[in-house]
Amino acid sequence: MVCHLAATSTVSAQCNQLYEWTTWTSFSGNSADGTINYGGSPVGVNMTANYTFGSTPGIYNFGAFSGFGGTIPNTTVPYTTWAAGPGGVTTMCFSQTVTNPVLLIASLGNGGNHVTLEFSLPYALVYDGGGMTFVNATTLIGAEGYAIIEFPGDFDCVTIYSSTPEWYTNITWGLHPPLFQVDIAGDPEACNEVNLTANGGNTYSWSGGEYPNQPTNTFTTSGNYFLTVTDNNGCTVLTSVAVEVFEDAQVSIFEQICEGTPFYFQGNPVSTSGTYTANLQTSHGCDSTITLELEVFPSYLNAWQHSICEGESYQFHGQSLTQPGQYKYTDVTQSGCDSIDQLQLIVLPRSNSSQSTHLCAGETLRFGEVLITQAGTYTQTLANYLGCDSTVTLVVSYLPQPFTKIDSSICQGDTLRFNQQMLTSPGVYLQRFNSFQGCDSLVQLQLSVNPAPITRFSANICQGESYLFEGEKVTASGQYVRRFSSSGGCDSLVVLNLSILPVPRSTFSESICQGESRTFGGKVLRTTGVYRDTLTAVSGCDSITILNLTVQNTYNSTLEVSICEGQSYLFYNQSLTKAGQYTERFTTLAGCDSLILLSLRVLPSTSSNIQAEICPGRSYSFGGNDLWQKGTYQQLFSAASGCDSMVILSLNVLPYLYSFPEIQICQGESIDFNGRTIEKPGIYLDTIRMATGCDSIVELRLNVFELSSSFLSASMCDGQGYPFAGDILKTEGEFTKILTSQAGCDSVVSLALKVFPTYRQETDVYLCPGESVLLGGQILSQSGFWNFGLKTSEGCDSMVAVRLTVHPEYESVQKVESETPFTWPVNGATYDQSGIYTAAFLSAEGCDSIHILDLRIIPVKKWFAPNILTGTGSNGRFTISGSDQLELVKTVRIFDRWGNLVSELSNLPPGNPAYGWDGRSHGGEVVTGVYVFIAELAWKDRSTEWVSGDLTLMR
């Protein structure tokens, strides 16, 4: 990839020639790799070629560079053979964009072998060590040559093309650090002229342009221009810019055509002389004018038709014509266009004919001057309808008037056409017609009308059934008609009136008790459900009865009840106090029986005495109460049987002791409290068993001074430092520091540090001429490499490197001559007429491309002649055929194998089997064998051509 200087380009240089040179590290096959220390950073160098690289421990004839002001290390460098012949390609690329790289070349070519190198970029000479010819800004020739050349500007890659074999040349690359900056502003591509302005120095020197010693220069021609800039310190910078000046395109086309020949210009047919102009715009936005100068010469065509009678002749340009056909005589005007006399000759036949006719009763017939009224044979010599003599014999016969009687019948409702009458009623009808012999004919019609019988009947079916009517199943009520042919040939109608009878349906519900049954439809039912019974109604259709049957439950339950002594139990209006079995029967709401059985028990009551002691401060739970005083207490409880039980409590309270220690610790420390390790603040109780058996309670109050903790979050950009507790942090992470508080406890400070990256992003942007893109606040529209310093969303520096490429547009004019319709590959369209055609397309890079086609359709000239002649059938005559451009076979001469002229014919229409040589000479047939012909052909473009060949006569 090659990067050119764009609308605003930046290059740098220095006052001396202190260069950093490549340290080469590997040579593998057709590749060589090295590194340059450029401004403190390594830059990779890679060279690839379609041949194999080698290396030498030093530069050949190193002394040839002794006059160079800078230091050149005489270390290992590549050597190249370029290629063993034409087609050598070497590509040299850097790992990043570099400024003003220099190339050292040692021992290029020799006295007997001059080697030519062409570069993809313009170069400038830095040092000439001799033996070099610098042809132009991109080409040099070496004859044992030594030089250091510079490629001004910012570049990634340079390609070198070689066309001459070379067996040994040392090469290496160098760079130097920048000192001051030079900018070139302006659009290097424009219509008619380009204006560029340089700044950054004191004096300026361009290699061309209207103002070569001014910072602002105007260019009217395309090319690579060098700019030398000198600053106040006398240091110079050499840079270059590729200027493309697009001129307004002027295309002039001159065409001459003959009248009647279509010519297309910009897709429109043009048929008159004049100047035609089409204003277009080139792909670069410049004006493009196509001017057509068209001159139309007139052509002349005199066409007429003439008739002669058989046996007569007609004179046509020296020819005595007796045969029918189309004859042309073509002359050429001074302008080269045709002047054509075209004759259509018709030969009218003479005839001897015999005709016959008839006379109807009462008619007369005129035959020539004779009026015929009766049958007979008559002869006349007349001029036929073509005007030639004709002998006509007429045989006349006499015809009587014919009479025809017809009997016919129609069906009732039909119509019969009788001549122009439409008949529907019976009767006798008479009409006059022309007979097939042309005389009047009487026709009598006896018409009768036959009736159409109708059969009607009705039918009933039940709902859901179908009725078969003349092969069709019918399921809906209505009238149905079928038409049949009766024995008399008339239609017979059958009409069906169909009725649908409904199916009666009734639904009812019943319920029974569990264990009962219900008889329905001949079945005994005992379970809940929906049951259906089908009967036959009076109408003969099914009658459906639906029963919803519900079976109601009966209930039998047993109760077991216990009561305490002295209590009673109410059981269905009975107050029971004694144990025993009791029953009760009742009816449910649904009317079904239900039985309940009661088993009753009577439980006895109890009493007890309890002695209890409690420790001071504690309580004794008795009958739901907490007791802490000494005394006697009574409580009525429910025994396990559920009956009352009297409990008497005698409660004694023992004496007690308490202690309340208070301790303080720091967070993270702990104390032992009667065997327990305690580290959290709070009140802790522990019990010490006394001799009395009661506890002595120790209540510990523990205070824990918390570790002072603080949590901080911070961020910084990559490459910065963040101060934290006396340290400077440079990496992302979580950091903790422990300090001492006023209470004597530790204090912890935690920091979560986020490091936001800085970015360097390289991207490619492609534009078409005339387009622009907004990058870094600048509107860019020219090829180049741009660096933009931006801020990320976190406020960190971000460097975006944009490689902007403006693809070229294309404009071409293509002249084509074709004998056949031409398909233009540009747009796939096929043209069969001469003309100027244009097409606008996108190039492979998506940019405009304008193509102009100047098409000339040249008529095809082809002729064909048979090589066998039989004298009969399709091969009965020898004639010459051709394409539509063949106008006339002017002369045909036939020779035998000894060179004798056998026959000569003139002015033959091409391909007409009625003309040509019929295998005869001087009135007689020639012998079979091989003959030679020579013919002069006349083409429609007024040219003539002599052709020859051989043919075999067979009989």
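Here is a short walk through this structure, from its cores to a few of its strands.

The model is predicted, so local features need pLDDT of at least 70 and side-chain atom pairs count only at pLDDT 80 or more, while totals for chains, interfaces and linings use all residues. Residues are numbered from 1 along each chain as its sequence is written, and side-chain values use heavy atoms, with hydrogens and water left out.

Let's start inside. A nonpolar core is a set of buried Ala, Val, Leu, Ile, Met, Phe, Trp, Tyr and Cys residues joined through side-chain atoms within 4.5 Å; buried means under 20% relative accessible area, with a 1.4 Å probe and protein chains only. The largest such core has 47 residues, and F65, L103, F119, I148, F151 and W173 touch the most other members. Among the elements giving two or more residues to this core are β4 (31-38), β8 (88-99) and β9 (102-108). Strands like these are DSSP runs of E, at least two residues long, numbered from the N terminus. β9 gives the most to this core, with six residues. A second, separate core of 27 residues includes L886, Y931, V947 and L953.

Now visit M716, in strand β70 (residues 708-717). M716 counts as buried because its relative accessibility is 5%. Its contacts (heavy atoms within 4.5 Å), leaving aside neighbours within four places in sequence, include Y722, L753 and K754. K754 is 38 residues away along the chain, yet the two C-alpha atoms are separated by 6.5 Å.

Finally, look at how strands pair, which takes at least two DSSP bridges between them. β6 (residues 54-56) and β7 (residues 77-80) pair in the antiparallel sense over three bridges, with S55 opposite P78. β7 also pairs with β16 in the antiparallel sense, over two bridges; there, T80 has T169 as its bridge partner.

Key: Buried < 20%, exposed > 50% of the residue type's maximum accessible area, 1.4 Å probe, protein only. Helix = DSSP H or I, 4+ residues; strand = E, 2+ residues; numbered from the N terminus.
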